[in-house]
Amino acid sequence: MRQICVFLFILTLTSCEYFKVKKTSSEAILKEELQTFNWNDVDAYPSFSVCDSLTLKEERKACFQEVLTTHISEFLQDEIIIVTKDISDTIVINFRVSETGDLKLMDAKIDSLTMAEIPNIKRLLTKSLDSLPKIFPASKRGQQVTTEFKLPIIIKVN
């Protein structure tokens, strides 16, 4: 009987540990989530309405870039640009799409020869972006977010 009492006493002392619930604070959960969060990737890229039928993320990104490149190229082809030398250059455009879908030219890397021949090239690029169709912003975890992109545009003028 004494052995049973000792056993029950030891069981009573140790069994309480099994019922303790470890509490985690919301700050600890937030800190852990922020460490695993990929800040450089979005769930859905910005898009135009013509890209809505595509379901894969990479297809939508390619469609967005294609529509943007085509629009800028067509805009520049409609402009009358007079040059003294032939130009064949790749311009790298840095732009930002806000969480409201506004597109803004941040920077453009343009060769010095192209800048000398077409001094208003940045203004033309900005003007081409102003006439784009409605852009649906990128999203991350169901929230619309601001994104920045680099896009190469090939310029050929003879």
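Guide: Let's take the open sheet, which is made of three strands in the order β2-β1-β5 with antiparallel pairing. Strands here are DSSP runs of E with at least two residues, helices are runs of H or I with at least four, and both are numbered from the N terminus; two strands pair if DSSP finds at least two bridges between them. The edge positions go to β2 (103–109) and β5, and each has a single partner strand, so one side of each has no neighbour in the sheet. From one strand to the next, the twist averages 30 degrees.

Some housekeeping: this is a predicted model, where local features need pLDDT of at least 70 and side-chain atom pairs count only at pLDDT 80 or more, while totals for chains, interfaces and linings use all residues. Residues are numbered from 1 along each chain as its sequence is written, and side-chain values use heavy atoms, with hydrogens and water left out.

Back to the strands. β1 and β5 run antiparallel and are joined by 11 bridges. Two examples: D89 has I155 of β5 as its bridge partner, and T90 has I154 of β5.

α3 touches β1 and β5, and its direction makes about 40 degrees with that of β5. α5 touches β1 and β2, at about 155 degrees to the direction of β2. Touching, or contact, means heavy atoms within 4.5 Å; the angles run from 0 to 180 degrees between N-to-C directions, with axes fitted to C-alpha atoms, for helices over the stretch in contact.

Now look at β5 itself. In a regular strand the side chains alternate between the two faces of the sheet. The covered face of β5 carries T147, F149, L151, I153, I155 and V157, and the uncovered one E148, K150, P152, I154 and K156. I154, on that uncovered face, is exposed at 58% relative accessible area (buried is under 20%, exposed over 50%, partly exposed in between, with a 1.4 Å probe and protein chains only). Leaving aside residues up to four places away in sequence, I154 touches D89 and T90. The C-alpha atom of I154 is also 8.2 Å from that of S73, 81 residues away along the chain.

N94 counts as buried because its relative accessibility is 13%. With the same exclusion of residues up to four places away in sequence, N94 touches K104, L105, M106, D107, F149 and K150.

Next, the helix α3 (residues 57–78). Its 22 residues reach 32 Å from first C-alpha to last, close to the 32 Å expected at 1.5 Å a residue; the expected span is 1.5 Å times one less than the number of residues. An α-helix has 3.6 residues a turn, so residues three or four places apart point the same way. The buried residues of α3 are C63, F64, L68, H71, I72, F75 and L76, and they pack against β1 (87–97), α5 (121–130) and β5 (147–157).

C51 sits in the loop between α2 (26–36) and α3, and C63 in α3, so the pair ties together parts 12 residues apart in sequence. The S-S torsion is about -80 degrees, so this disulfide is left-handed. C51 and C63 are both buried, and a search of the whole structure finds one disulfide.

Zooming out, the protein has five helices and five strands, running α-α-α-β-β-α-α-β-β-β from the N terminus. Of its 158 residues, 30% count as buried. Among contacts between residues at least 6 apart in sequence, 68% join residues at least 24 apart.

Key: A disulfide is a pair of cysteine sulfur atoms within 2.5 Å.
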